[in-house]
Amino acid sequence: MLPATAAKWSGPTSPVCTSACNQLVSQRQRHRSRAEVAALCHCERNILGWLGVRPAAKTSRKLQSVISAAADSKAALDSASRSIPLRSLYPVGKAIETGNVKVSDVHTVHYQVYGNPQGQPALVVHGGPGAGCYTNHARFFDLQHWKVVLVDQRGCGSSTPLGCLVDNNTQALIDDYEKLRKRLKIKKWMLFGGSWGVALSLAYAQQHAAKVSSIVLRGVCLMRPSEIEWMFGGGAGHLQPLGWRNFKGHIPEAESDDVVAAYHKRLTSPDIAVRDAAAKAWLSWEHSVSSARTSSLQVWNGSQWQQTDFPNPGSKRLPLPLAAASQNGGSSGAPASAAASQSAGGSSSGEGAGAGASDATQQSRPAPMSAFTAQALLECHYSHNHAFLQDPLLQGIDQVRHIPCIAVQGRLDYVCPVVTAYDLHCEWPEMELRVVPNAGHSMYDSGITHELLEATDRLRKSSAKIRAAAKEQSETQSSISSNRYASI
């Protein structure tokens, strides 16, 4: 039972204020858990207290005018939204099926299935390319109702051979998904794609729309030349100049006009040292961009770059760089140190194993190629070849326009800027686009996680209603046919 404060608002007559307060009430009624109800009730009481009124209380005209003016501000609703608790990932058990599919003479693709064998099917289309799938990806679904398929695309994760570029292209990946769908006897499945997985999901859906029940997208990427140029041509470097300097500095000046081609040359080098050094530089750059909104404070202390927590307690403040400055003649143009480089352990796809997950499986990969090197190689391979797309994905939207789709985009996503999501929205207005404030590229950003969980739940419920209605219609038609035969 909801608290007494759940009654409809009967205070000030301002339409704005009335609508705002009624919205809070309706939001509270949609939440089931006591903790969420309590948080929302507390939130509403704070707002009403700030406005200076109580529900069902008579107020003077003067007070009403003050309240109306205050309610016109977004501050009240912004305060409410910040107080609503964000959701966390669902629990996950052991895989109900694990296997390998020989998809070509060269490649074998690894897959795992989680959840309810009779549940609604969903395919996780991971990013990268080459990032691979993790168990945590299944936790974005209520596994009591979903049957979630995780697939490592060609050349990455547990698929073999690792890092192989032979017959590794977008059409081949689409065909692999179709072979697996038929093997698992799935009629239709939801596509859950992030980053590069957005482009691959759309490419698959445009060819096999009849096999797609719904789509959830995160960190919209269409692999257009402008997007590749943004990431590897210097655009993102304006946001992370230090990381960009290190990334571009790995390439000789003579080859710097085409950074992607220069890295492709090194990542495909037979010299393992050259290849692995290029992979480290490539992933370090991507990690610096994908983690650009973290809370670290970057400081040049006169001799080297350092990173520290922010805000920084007084006891941990770095000493003033007077001595270092005098030794360097007061110059601040010293080269970036290795200490300022980001580690290569991150993934620009924003899809890693997530907090608390072990990297032991990644580190135990046998020589001569690690999973991280394979990811850098595959990302560069697809970027260098413009994702092997024959036609821009925006030109094929009519093929998928009828499919229910929710796109979740971080406002502060610097790997896949929000403009790409907006361009997709312009071509596909039927798609629901949700731009999350204070969120970046990672699917584990709290706001992104919340919205993805909401999306999978909403699409599951709507799909269940559609199936129930179709079943009822089928039973009704069967009953009518039976009555006709009986009357004959």
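Visitor: Is Glu451 buried or exposed?
Guide: Glu451 counts as buried, because its relative accessibility of 15% falls under the 20% cut-off. Please note that the model is a predicted one.

Visitor: Which residue does Glu451 form a salt bridge with?
Guide: The partner of Glu451 is Arg434, and the closest N and O atoms of this salt bridge are 2.5 Å apart.

Visitor: Which parts does that pair tie together?
Guide: Glu451 belongs to helix 15, which covers residues 446-487, while Arg434 belongs to strand 10, residues 432-436.

Visitor: Which residues are joined into one network with Glu451?
Guide: Through salt bridges that share partners, Glu432, Arg434, Glu451 and Arg458 are joined into one network.

Visitor: And how far apart are N and O where Arg434 and Glu432 meet?
Guide: The side chains of Arg434 and Glu432 meet in a salt bridge at 2.8 Å, N to O.

Visitor: What is the accessibility of Arg434, and what is that of Glu432?
Guide: Arg434 has a relative accessible area of 31% and is partly exposed. Glu432 is likewise partly exposed, at 24%. Glu451, as noted, is buried at 15%.

Visitor: How many salt bridges does the structure hold?
Guide: The structure holds 13 salt bridges. One of them links Arg154 with Asp176, where the closest N and O atoms are 2.7 Å apart.

Visitor: Where do Arg154 and Asp176 lie?
Guide: Arg154 is in the loop between strand 4 (146-151) and helix 5 (170-183), and Asp176 is in helix 5 itself. The pair therefore ties together parts that are 22 residues apart in sequence.

Visitor: Are the two partners buried or exposed?
Guide: Arg154 is buried at 6% relative accessibility, and Asp176 is buried at 7%.

Visitor: In what sense do strand 9 and strand 10 pair, parallel or antiparallel?
Guide: Strand 9 (residues 405-410) pairs with strand 10 in the parallel sense, over five bridges. Within this pairing, Gln409 has Val435 of strand 10 as its bridge partner.

Visitor: Now helix packing. What are the angle and axis distance for helix 9 and helix 13?
Guide: Helix 9 (residues 259-267) and helix 13 (residues 371-384) pack at about 135 degrees, and their axes are 9 Å apart. They are therefore classed as oblique to each other.

Visitor: Is their crossing left-handed or right-handed?
Guide: The crossing of helix 9 and helix 13 is left-handed.

Visitor: What is the disulfide count?
Guide: The count is zero disulfides. As for individual cysteines, Cys380 is buried at 0% relative accessibility, and Cys164 is buried at 14%.

Visitor: Let us turn to the backbone. What is omega from Gly128 to Pro129?
Guide: Omega is near -5 degrees, and the peptide bond from Gly128 to Pro129 is cis. Pro129 lies in the loop between strand 3 (120-125) and strand 4. A cis peptide bond also joins Thr160 and Pro161, with omega about -5 degrees. Pro161 is placed in the loop between strand 4 and helix 5, and Arg154 lies in the loop between those elements too.

Visitor: What is phi of Lys185, and what is phi of Ala387?
Guide: Phi of Lys185 is near 60 degrees, a positive value in a residue other than glycine. Ala387 also has a positive phi near 60 degrees.

Visitor: Where do they lie, and are they buried or exposed?
Guide: Lys185 is in the loop between helix 5 and strand 5 (189-195), and it is exposed, with a relative accessible area of 75%. Ala387 lies in the loop between helix 13 and strand 9, and it is buried, at 0%.

Note on methods:
Residues numbered from 1 in each chain as written. Predicted model: local features only at pLDDT ≥ 70, side-chain atom pairs only at ≥ 80, totals over all residues. Heavy atoms only, no water. Salt bridge = Lys/Arg side-chain N within 4 Å of Asp/Glu carboxyl O. Helix = DSSP H or I, 4+ residues; strand = E, 2+ residues; numbered from the N terminus. Buried < 20%, exposed > 50% of the residue type's maximum accessible area, 1.4 Å probe, protein only. Pairing = 2+ DSSP bridges. Disulfide = S-S within 2.5 Å. Axes fitted to C-alpha atoms, helices over the stretch in contact; angles between N-to-C directions. Parallel < 35°, antiparallel > 145°, perpendicular 65-115°, else oblique. Left-handed = near helix turned anticlockwise from the far one by under 90°.
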